[in-house]
Amino acid sequence: MERIVMKFGGTSVANPERIARAAQLVIGEVNRGKQVAVIVSAMGKTTDELLTLAREINPTPGRRELDMLLATGEQVTASLLAMAIAAEGVEARSYTGWQAGVTTESVHGNARIEQVHADRIVSALEAGAVTVITGFQGVDDSGELTTLGRGGSDTSAVAVAIALEAAVCDIYTDVEGVFTTDPRLIGNARKLEEISYDEMLEIANLGAGVLHPRAVEFAKNHQMPLRVRPAHMDGEGTIIKEEIDLENNLIVRGIAFERDIVRITVMYDIPHNGSLANIFTALAQQHVNVDIIVQTIREDAQPSVSFSIKKEDFAEAINVLESNKESLGYRRADFEVGLAKVSIVGSGMVSNPGVAANMFDILRHADVPVKMVSTSEIKVSVVIPEPDMEKAVAALHEQFALDKAL
């Protein structure tokens, strides 16, 4: 009997009505002869509400106790969904992450899954029960409860699917699938029937919130097919796999964007060979994620290095630079806020030179200044003024023909 994993995000189980809808989707797969394991997130904004509650009690709560608190959100969802499935006459059993055999590294708040010992889940499935498992959590070797960080339920679902040797891992969410860009910004964005792991990984890393990058990477490494499907309506969604058919020979298949980008520029009188390593080692030690990096060393200009970060990391980045100014040996640091990042993504870019030039030409005609550039084999990203972001996305979407019906 074929096994599948179904994952429901927080918006898909935000209230009793949506939990009932999720239960019907699960029962539909059972009626089609599938063994079904379900992974759930906390209902709606539960995790945010629990964080607020914790900080009312203690402004700086410890990570261990936060994990104990936050893990309860998924447990509520799992038990309620199991009840909803059972109410329709189908046996269902809920399990916490540790009961389901999810083991992680010993890190509170952002642990990585090391292994899933799925014997208990397999036994329940073979006995005819639907298993409903809490996402976002596991247990370390010493028996401590851990959580996986934001988006961790996606990773939980993929890990369980791999352990169960499932045929597919379905991620149910509040969108119909993966689109050429965010349809809330571009009304004629199209849903893609399929997309490659590499393309999806780039799009996820570039700010699209459909899937967590860690889950996509995990699926790619184990060749686990993913599907992003709508929880609120019928639909096949978008399949994510290794090899895909390029739709209409599209070179660019998606456009991602991210607001609230900051550019920091560090200037030296005389840079030395260790300058770059020292700066980015100091930032990395404080978990500041750096994106695009540009170094300038010319005889007629002051040597400098510029890099982009998210606004949420800005205060910490400045603190790191100021605290280590003497050891880092730079003269001064400037910053620019009010920026955004726009990226084009497509596997077809590998064998089609000139895509970046075309992108820059489109932006030039749209009067959008480009401040920083980063490229990979299947991606070109630019940092631009945030007020120009929507105009840039619209122009790129139209000129790369992503709005054309198949």
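**Backbone and ring pairs**

Aspartate 260 lies in strand S13, which covers residues 254-267; strands (E, at least two residues) and helices (H or I, at least four) are DSSP runs, numbered from the N terminus. This is a predicted model, in which local features need pLDDT of at least 70, side-chain atom pairs count only at pLDDT 80 or more, and totals for chains, interfaces and linings use all residues. Residues are numbered from 1 along each chain as its sequence is written, and side-chain values use heavy atoms, with hydrogens and water left out.

**Positive phi values**

- Aspartate 260 has a phi near 55 degrees, a positive value in a residue other than glycine.
- With a relative accessible area of 39%, aspartate 260 is partly exposed (buried is under 20%, exposed over 50%, partly exposed in between, with a 1.4 Å probe and protein chains only).
- Aspartate 367, also not a glycine, has a positive phi near 60 degrees.
- Look for aspartate 367 in the loop between helix H11 (355-365) and strand S17 (372-376).
- Aspartate 367 is exposed, at a relative accessible area of 61%.

**Aromatic pairs**

- There are 3 aromatic pairs, counting rings of Phe, Tyr and Trp (its six-membered ring) with centres within 6.5 Å.
- Phenylalanine 8 and tyrosine 172 are stacked (planes under 30 degrees apart; over 60 is edge-to-face and the rest tilted), because their ring centres are 4.9 Å apart and their planes at 20 degrees.
- This pair ties together parts 164 residues apart in sequence, because phenylalanine 8 lies in strand S1 (residues 3-8) and tyrosine 172 in strand S9 (residues 168-173).
- Phenylalanine 8 is buried at 0% relative accessibility, and tyrosine 172 is buried at 3%.
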